[in-house]
Amino acid sequence: MTRSIAGASARRLFSTAATLASVAFLAGQVSAAEELNALVWCDHTDPALIEPFEKANDVKVNLKEYEGTGAGISILEQSRPGDWDVMVIDAVDVHRVIDMGRLGEMPADALPSADLFPELRMEANNTRDGKTYAVTEKFGYNTISYDKTKVDPKDMEDLSVIWSDKYKGRIALYDYYLPMIGLVQLGLGNKTAELSEADMPAIEEKLSAMKAASKQVADVVSSQTALATGEVDILVGGGEWITASLAKDKPNLDWTVPKQGAVRWAQSIAVMKDSTKPDLALKFVQYILSPEGQARLATSSCYWGMPTNQKAGEHLAPEQKQALRWDDQPGYLQNTQLYPVPSAELDQKMQDAWTNMMQQ
Amino acid sequence: MTTATLEDRERRRAWGFVAPALLWTLAFFVVPFLYMAAMSLWLRQGRDIVRVWNLDNYARFFTESALLKGLTNSLEITLTVTALSVLLAYPLAWIIAERVPKRWQRMALILAILPFWTSYVVRSYSWLLVLSKGGVINQALLGIGLISEPLEIASNRTATVIGFVHFFVMLLTLTIYSNLIQLSPNYRRAAADLGANGFQTFWHVVLPLTLPGIMTGAFLTFVLCIGDYITPQILGGNNELVLPQIIMLQIGRRADFPMAAALSIILMLAVTAAYLLCARWLKIERA
């Protein structure tokens, strides 16, 4: 008897739970008529950026976050065509995904290209054979971030400080081999675009010196934490994307572009060729490139960066523009170079050099 | 004839019971393992995976010092963590089993494993803050004047070992405690009757009888520690890479699945070797 009562209760409970689950599922179905699958960097996961688009278009945006082109390509290789509608990728790597046959053409006249900073249109990277496959949405610099109360800001104007012993044990290295090797290349007085295998021995020597002078090699979160908590005083590879969001609470943190220059990062957004919702995907791209979307993306909670659309300035507060160094951009754009774009073989060698440095 | 039919029926029933577990193991362990083993013999060339059978990935592992060092780092850290965890967990388990009144033992165990209830990642980041220059430990030591400069205990191997030991002491406490409470007090009484003092009783009677508990916990610690990626990644400061971190680099940055598969096989071989070393104590038996 007890068992049957318990059984009846269990059935009722199960039935109620199932009803609630169905209601929740249907409510989910009703609240978002469509879904969009986006493979993105962490700055796109900020609800302040995504929710306005979701509400305006009655859509649920499913976001999958990744870090580094290798990881993104790895995810694409494991996915079926149609799994993804939109992708954010390093601007210098757009052609790698075009080569995989995964990016769709976007109508150039549907994009606000004329409003973008001229240096960030990057036709050589975003287009092929006159067809537009991606558009640059955000940029910034991999350079030197530091605590200006603990180091001499003048020292930060020379890239050679990153492999000197002056601040030994007080430096963190950003754990991404491409911009870091690019920075070393600049420090050696060479251009990132001309990096070849012949440059690698000298680069490896400097990487070794950098490791010896550093305290840690850290990813985005760890490097930001290390600088903010005073664990290190200098972050090589940092920039506005590390310090700008902390400007309010940590005014002691600063960044600069040394006299030899710095590496400029730029991220592009693209519509996937096999998207089952190409119109909605294009709409998402248009939203991200709109002045409002750009301002939200620039000040995303994961990391800040400069918007590529110049009109975004109208939607940014003066202190936000100050933190992003809006007025200094012409000079910075002139004194910075894009990431190196290695062949597959050189890419392997660069990664080996980076792994060897970490195991040193 | 009837006997044979009964035996057949029994055999079929036995297979019926075993089949789900067997199918599960086949589908989710044996088949993926064989696929991984096969993939470890392929090659990533440029941006393509070439399906030609060869041992190049294994050869690379033994000739590239950065890769080999991943295994030696893993083994050094794992053995240190296992030894420290056993040394700390045994007295704790013994105190709970022998000195804490029966009615409080459950509460004592809950308190001992309380940190298990928090997220692994959150716990690792918390340790990072505790061990950092401005963290609780350094501030306390500076405050009482024991040190004049902050200790370098964050973002290095020391931090990784501390994070691991904190976690595995809890696990080992459980396995050793469960072994200790099964020990009949008659063993100790007999030892005392034969003239053994407290230390001799522990050394010659209690410790050997609790070895299965120690070895079970130590083996679990070894397996979980050598395969862990999160703790070294958060607490180690990337100042040295362990094998799981190198495997993640092959997948995340290079999309070199064949090399990642080869390294995973090597990791499994290390675990198998540890199992074979501990096998005599890992039998399911009563003390």
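This is a predicted model: local features need pLDDT of at least 70, side-chain atom pairs count only at pLDDT 80 or more; totals for chains, interfaces and linings use all residues.
I will start with confidence. The predictor gives the complex an ipTM of 0.79 and a pTM of 0.80. For chain A the mean pLDDT is 89, with 91% of residues at 70 or more. For chain B the average is 91, and 97% of the residues score at least 70.

Of the elements of chain A, helix 10 has the highest mean pLDDT, 98, while helix 1, residues 2–31, has the lowest, 42. Residues 1–30 of chain A stay under 50 throughout, and the model gives that stretch 0 contacts beyond four places in sequence.

Now chain A as a whole. Chain A contains 14 helices and 13 strands. Its C-alpha trace spans about 80 × 60 × 45 Å along the principal axes. Chain A has 360 residues, and 47% of them are buried. If you take the contacts in chain A between residues at least 6 apart in sequence, 77% join residues at least 24 apart.

How is chain A divided into domains? The assignment gives domain 1, which is 31–139 + 266–322, and domain 2, which is 140–264 + 338–359. Each domain is therefore written as two segments of the chain. The C-alpha centres of domain 1 and domain 2 of chain A are 26 Å apart. Where the two touch, domain 1 of chain A puts in 9 residues and domain 2 of chain A puts in 11 residues. On the domain 1 side of chain A, that contact is made of 6 nonpolar, 2 polar and 1 charged residues.

Of its 8 residues, 6 are buried, so helix 11 of chain A is largely enclosed by the rest of the structure. The buried ones are A:G293, A:Q294, A:A295, A:R296, A:L297 and A:A298. What do they pack against? The partners, in chain A, are helix 2 (47–57), strand 6 (135–147), helix 10 (278–289), strand 12 (306–307) and helix 12 (318–324).

Next, the nonpolar core. The largest one has 151 residues, and the members that touch the most others are A:V86, A:I171, A:V236, A:A270, A:V285 and B:L263. Helix 7 of chain B, residues 157–180, is the element that gives the most to this core, with 12 residues. Domain 1 and domain 2 of chain A both give residues to this core, so the core lies between them.

To see what one of those members touches, take A:V236. Beyond its neighbours within four places in sequence, A:V236 is in contact with A:I144, A:I162, A:I171, A:L173, A:Y174, A:L183 and A:M210. A:I171 has already come up as one of the core members that touch the most others.

An unreviewed UniProt entry places "transmembrane region" features at residues 21–43, 77–97, 104–122, 159–181, 201–226 and 257–282 of chain B. In the model, residues 104–122 of chain B are 63% helix and 0% strand, with 29 Å between the end C-alpha atoms. For residues 257–282 of chain B the figures are 85% helix, 0% strand and 33 Å.

The UniProt annotation, again from an unreviewed entry, also lists "domain: ABC transmembrane type-1" over residues 71–278 of chain B. That span is 77% helix and 0% strand, and its end C-alpha atoms are 20 Å apart.

Is B:Y90 buried or exposed? B:Y90 has 21 C-beta neighbours inside 10 Å, so it counts as buried; the cut-off is 20 or more. B:Y90 and B:L174 are 84 residues apart in sequence, while their C-alpha atoms are 9.7 Å apart in space.

Last, the interface between the chains. Here 21 residues of chain A are in contact with 20 residues of chain B. Which elements of chain A each supply at least two residues to that side? They are helix 3 (69–78), strand 8 (214–218) and helix 14 (344–359). Helix 14 of chain A gives the most, with 7 residues. By class, the chain A side divides into 6 nonpolar, 10 polar and 5 charged residues.

Technical notes
Residues are numbered from 1 along each chain as its sequence is written. Chains are lettered from A and ligands numbered from 1 in the order in which they are written. Two residues are in contact if their C-beta atoms, placed from the backbone, lie within 7 Å. Ala, Val, Leu, Ile, Met, Phe, Trp, Tyr, Cys and Pro count as nonpolar, Asp, Glu, Lys and Arg as charged, and the others, Gly among them, as polar. UniProt positions are given in the numbering used here, feature names are shortened, and annotations may be inferred rather than shown by experiment. Helices (H or I, at least four residues) and strands (E, at least two) are DSSP runs, numbered from the N terminus. pLDDT is the predictor's confidence in each residue, from 0 to 100. A residue is buried if 20 or more other C-beta atoms lie within 10 Å of its own, exposed if 12 or fewer, and partly exposed in between; C-beta atoms are placed from the backbone. A nonpolar core is a set of buried Ala, Val, Leu, Ile, Met, Phe, Trp, Tyr and Cys residues joined through C-beta atoms within 7 Å.
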